[in-house]
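Work through these exercises with the coordinates open. Each task is followed by a stepwise solution.

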Amino acid sequence: MPAPAPAPRDNGAHERVEALHDLVLRSLDDDQAVDVVSIPLAGKSSIADHMVIASGRSTRQVASMAQKLTERIKQDLGRAVRVEGLPVADWVLIDAEDVIVHLFRPEVRSFYNLERMWAFEESAAAPASG
C-alpha cells in the first residue's frame, strides 16, 4: 500500500490569510460596523479567500472604518492595501488581496445586494418535475 502523499506546504499562507481575516472582523467590530457578513471564497473564486461586507450608519462612519482598517492592516501585518471610493464613502472597497472588504451606507448596500450576488448555492437547483 503506497504511503499517503504529504500535505502541500503553504509556508504559513493559510495562517496569514486567517490573521488578516480576523483583523478585519475585529476592526469592524471595534468601529461598530452594522450587519457584518463574511463570505468564504476559497475554492470558489480566485479573487480572494474571504469577502467581508459591512455597513456604517453614515458616510462619515464608513470613511472612518475604512481609514482605521487600512491603518491597522498596514501597522499590524505590514500590508499595503488598495482603497476605492473613500472620498465619497457611500461604498468603499478595500482590497487586501486575500480579503476583500466592502463598506457601505445601508441604502447603497441594499441597492447593490452583494450578498445575494456572491451567495454560492450549497446544492444545485432541483430539476423541474414533469
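**Exercise 1.** With which side chain does the side chain of R79 make a polar contact?

*Solution.* First, the ground rules. This is a predicted model, where local features need pLDDT of at least 70, side-chain atom pairs count only at pLDDT 80 or more, and totals for chains, interfaces and linings use all residues. Residues are numbered from 1 along each chain as its sequence is written, and side-chain values use heavy atoms, with hydrogens and water left out.

Step 1: define the term. A polar contact is a pair of N or O atoms within 3.5 Å; within protein, one must be able to donate a hydrogen and the other to accept it, and residues adjacent in sequence count only if both atoms are side-chain atoms.

Step 2: apply it. The partner is the side chain of D98, at 2.8 Å. The R79 side chain also reaches the backbone oxygen of A96 at 2.9 Å.

Step 3: R79 lies in the loop between α2 and β3 (82-84). Helices (H or I, at least four residues) and strands (E, at least two) are DSSP runs, numbered from the N terminus.

**Exercise 2.** Is S27 buried or exposed?

*Solution.* Step 1: locate S27 in helix α1 (residues 13-30).

Step 1: take the cut-offs. Buried means under 20% relative accessible area, exposed over 50%, partly exposed in between (1.4 Å probe, protein chains only).

Step 2: decide. S27 has 1% relative accessibility, so it is buried.

Step 3: list its contacts (heavy atoms within 4.5 Å). Beyond neighbours within four places in sequence, S27 touches L69 and R72.

**Exercise 3.** Which strands pair with β2, and in which sense?

*Solution.* Two strands pair if DSSP finds at least two bridges between them.

Step 1: read the partners. Strand β1 (residues 34-40) pairs with β2 in the antiparallel sense over five bridges; V37 stands opposite I53. β5 pairs with β2 in the parallel sense over six bridges; here M51 has I100 as its bridge partner.

Step 2: check the faces. H50, V52 and A54 on one side are buried, as are M51, I53 and S55 on the other.
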